[in-house]
There are 2 protein chains.
Amino acid sequence: MISKLIDSIVSKDAPIVVGLDPKLDYIPGRIKDVCFEEKGRNPEGAAEAFWQFNKEIIDCIYDIVPAVKPQIAMYEELGIPGLVAFKKTIDYAREKGLFVIGDVKRGDIGSTSASYAEAHLGQVKIGEEFFSGFDEDFATVNPYLGSDGVKPFISVCNRQDRGIFVLVKTSNPSSGEFQDRLIDGKPLYELVAKKVNEWGNESMDGSYSNIGAVVGATYPQMGQALRKIMPKTYILVPGYGAQGGKGEDLKGFFNSDGLGAIVNSSRGIIAAWKSDKYSIFSDGRVGEAARAAALDMKKDLALVNKK
Amino acid sequence: MISKLIDSIVSKDAPIVVGLDPKLDYIPGRIKDVCFEEKGRNPEGAAEAFWQFNKEIIDCIYDIVPAVKPQIAMYEELGIPGLVAFKKTIDYAREKGLFVIGDVKRGDIGSTSASYAEAHLGQVKIGEEFFSGFDEDFATVNPYLGSDGVKPFISVCNRQDRGIFVLVKTSNPSSGEFQDRLIDGKPLYELVAKKVNEWGNESMDGSYSNIGAVVGATYPQMGQALRKIMPKTYILVPGYGAQGGKGEDLKGFFNSDGLGAIVNSSRGIIAAWKSDKYSIFSDGRVGEAARAAALDMKKDLALVNKK
């Protein structure tokens with residue numbers, strides 16, 4: 001799976017994933033009004049607005065970026081209707097040729113992780129037939145439970161040709177509270193990174209592994225160190241833009257082949273129409289603003305990678 | 001919220017939570033046949049079977065145990081229909097006076113954890129009205145992202161009178177891979193436990209806190225040490241029964257007041273009808289077998305607590 005994502009990153013010349021993390025505040029009135037009118041001012045209406053919002057963005061960016069990353073929490077917040085919108089978003093994005101990284105941060109004991117892995121990347125057998133749950137291309141995974149919480153995901157990656165990104169060093173301010181603590185002189189995140197590299201050997205696909213890592217743009221020096229510990233690991237980099245990470249911080253996340261990292265931006269792209277920089281789109285032209293912001297991000301990253 | 005759960009544990013004399021983690025293999029043919037007939041041999045039919053199975057169990061145990069713990073992964077595996085069954089199970093269990101611990105192991109950066117917290121324990125505001133997503137009483141939370149991944153849950157606990165159980169030392173074989181590694185001479189799980197104790201001060205409810213911990217029955221000595229580090233923390237103890245934890249191992253998880261821990265059994269109760277010990281119920285009498293197994297577990301734990 002990672003080789004297909006890389007092909008798309010190279011052909012679109014954009015190591016970019018757009019985070020589809022909708023909030024009602026990001027959605028212009030013209031979309032919300034119609035959805036509330038049709039479905040009610042309730043979770044059904046809000047979920048319909050999420051879906052219509054995502055669709056406009058996907059329609060305007062699918063030809064210039066390789067992937068989207070819906071954050072399931074935003075959809076879960078609306079209960080069942082929200083998860084229906086999550087699933088519709090996944091299906092539509094894949095139909096348009098985008099890779100879908102489900103940002104689900106799942107992880108549990110072995111038998112439970114196996115269910116999560118089938119839910120998001122695999123299939124369930126009922127009678128003699130197989131059915132997909134959410135059918136993402138990649139999912140994010142939490143490593144706190146150790147190998148037997150991660151390996152069921154690897155099995156599904158190998159069987160179904162999918163991938164995962166395991167949390168190593170997250171982008172949030174308090175990520176250091178546990179992740180940075182020293183174990184035999186090295187931070188916990190490096191220990192996790194070594195494991196990710198080891199797990200990665202079980203699912204190689206060309207020069208890189210289907211088992212990737214999450215490392216926040218907000219910690220560029222750690223990114224540089226982690227790049228060396230995990231040479232064949234693709235790094236999903238959140239925290240660019242709204243969370244404070246800048247293009248110039250990102251060089252260390254890439255390998256010398258110009259590959260090895262895919263950078264996420266959520267708010268900076270999907271809510272671009274609300275920002276001063278893209279005020280020409282402030283009349284609710286969500287998709288056009290998202291496209292302009294994605295193209296600007298592409299330029300910013302191209303500079304980084306050519307420095 | 002924890003004080004209400006404690007009242008129910010005391011009045012039912014049962015520090016027990018029944019894990020509602022259905023699998024098609026656990027469900028007798030008579031239930032599956034009807035559901036597949038009605039909804040098809042597909043995720044809708046399987047989810048209906050999960051729900052009917054859970055309902056039979058709830059009907060037979062609601063008067064003798066205080067709580068149930070549905071593991072969302074099993075439902076997520078069936079996609080949207082599975083999550084509909086998860087929600088129906090929560091609503092029905094609460095209607096029958098049971099406390100519901102959503103075993104969801106969520107956790108992310110602050111703004112995303114806030115969405116998860118509202119999804120499972122809180123409410124979302126749409127227009128001028130508030131709507132609940134899944135509406136559990138408690139949820140389990142993964143601490144890998146540190147305080148700002150946990151605190152949004154605490155806010156919702158305080159606003160909505162709910163509780164959480166934070167993963168400290170999990171029951172699985174490889175939990176030691178990261179959790180047992182020494183930091184300043186102490187294992188990581190003790191560092192997490194200290195944080196849980198600290199977070200707990202922000203949500204006290206009587207003698208205990210709404211911020212609980214998960215510590216596996218499979219690590220009894222660690223349980224004993226953790227009990228002392230977190231004196232006001234309620235401990236949710238998975239791993240009893242099918243995972244290998246025994247009643248005699250559990251004494252150290254309780255405080256001298258006989259409180260402080262609630263022990264989960266999933267397979268051992270919900271699939272009791274399939275085991276040799278309860279073979280008189282082997283003709284698919286799921287609920288009666290579950291009741292017998294829950295009563296046996298109650299006896300086993302009563303002995304422990306009186307030793």
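Q: Leaving aside neighbours within four places in sequence, which residues is A:A261 in contact with?
A: In this predicted model, A:A261 is in contact with A:P15, A:I235, A:V237, A:L250, A:F253 and A:F254. A contact here requires C-beta atoms within 7 Å. A:A261 itself has its place in strand β14 (residues 261-265) of chain A.

Q: What makes A:A261 buried?
A: A residue is buried if 20 or more other C-beta atoms lie within 10 Å of its own. A:A261 has 27 such atoms within 10 Å, so A:A261 is buried.

Q: How many residues apart in sequence are A:A261 and A:L236, and how many Å apart in space?
A: A:A261 and A:L236 are separated by 25 residues in sequence and by 5.9 Å in space, C-alpha to C-alpha.

Q: Why does A:D135 count as buried?
A: The cut-off is 20 or more C-beta atoms within 10 Å. A:D135 has 20 C-beta neighbours inside 10 Å and therefore counts as buried. A:D135 lies in the loop between β5 (129-132) and β6 (138-141) of chain A, and has a positive phi of about 60° although it is not a glycine.

Q: Why is α3(A) called largely enclosed by the rest of the structure?
A: Of the 19 residues of α3(A), 16 are buried, so the helix is largely enclosed.

Q: What span is expected of helix α3 of chain A, and what does the helix reach?
A: At 1.5 Å a residue, 27 Å is expected for helix α3 (residues 43-61) of chain A. From its first C-alpha to its last, α3(A) reaches 27 Å, which is close to that value.

Q: What describes the packing of α9(A) and α10(A)?
A: Two packed helices are described by the angle between their axes and the distance between the axes. For helix α9 (residues 188-200) and helix α10 (residues 220-229) of chain A, the angle is about 35° and the axes are 9 Å apart. The crossing is right-handed. A:Y189, A:E190, A:A193, A:K194 and A:N197 in α9(A) meet A:M222, A:L226 and A:I229 in α10(A). By class, this contact has five nonpolar residues, one polar and two charged.

Q: Which residues of α6(B) and α7(B) meet?
A: From α6(B) come B:G110, B:S113, B:A114, B:A117 and B:E118, and from α7(B) come B:D148, B:G149, B:P152, B:F153 and B:V156. The contact divides into five nonpolar, three polar and two charged residues. The two helices pack at about 35° with axes 8 Å apart, in a right-handed crossing.

Q: How do you know that the two copies are related as by a two-fold rotation axis?
A: Chain B superposes on chain A by a rotation of 180° with 0.0 Å of shift along the axis, at an RMSD of 0.0 Å. The copies are thus related as by a two-fold rotation axis. Of the residues of chain B, B:I183 comes closest to that axis, at 2.7 Å (C-alpha).

Q: How many residues of chain B are in contact with chain A?
A: 54 residues of chain B are in contact with 54 residues of chain A. On the side of chain B that touches chain A, α6(B) gives the most, with six residues.

Note on methods:
Residues numbered from 1 in each chain as written. Chains lettered and ligands numbered in written order. Predicted model: local features only at pLDDT ≥ 70, side-chain atom pairs only at ≥ 80, totals over all residues. Axes fitted to C-alpha atoms, helices over the stretch in contact; angles between N-to-C directions. Helix = DSSP H or I, 4+ residues; strand = E, 2+ residues; numbered from the N terminus. Left-handed = near helix turned anticlockwise from the far one by under 90°. Contact = placed C-beta atoms within 7 Å. Nonpolar A, V, L, I, M, F, W, Y, C, P; charged D, E, K, R; others polar. Least-squares fit on C-alpha atoms with pLDDT ≥ 70 in both. Expected span 1.5 Å × (residues − 1). Buried ≥ 20, exposed ≤ 12 C-beta atoms within 10 Å, placed from the backbone.
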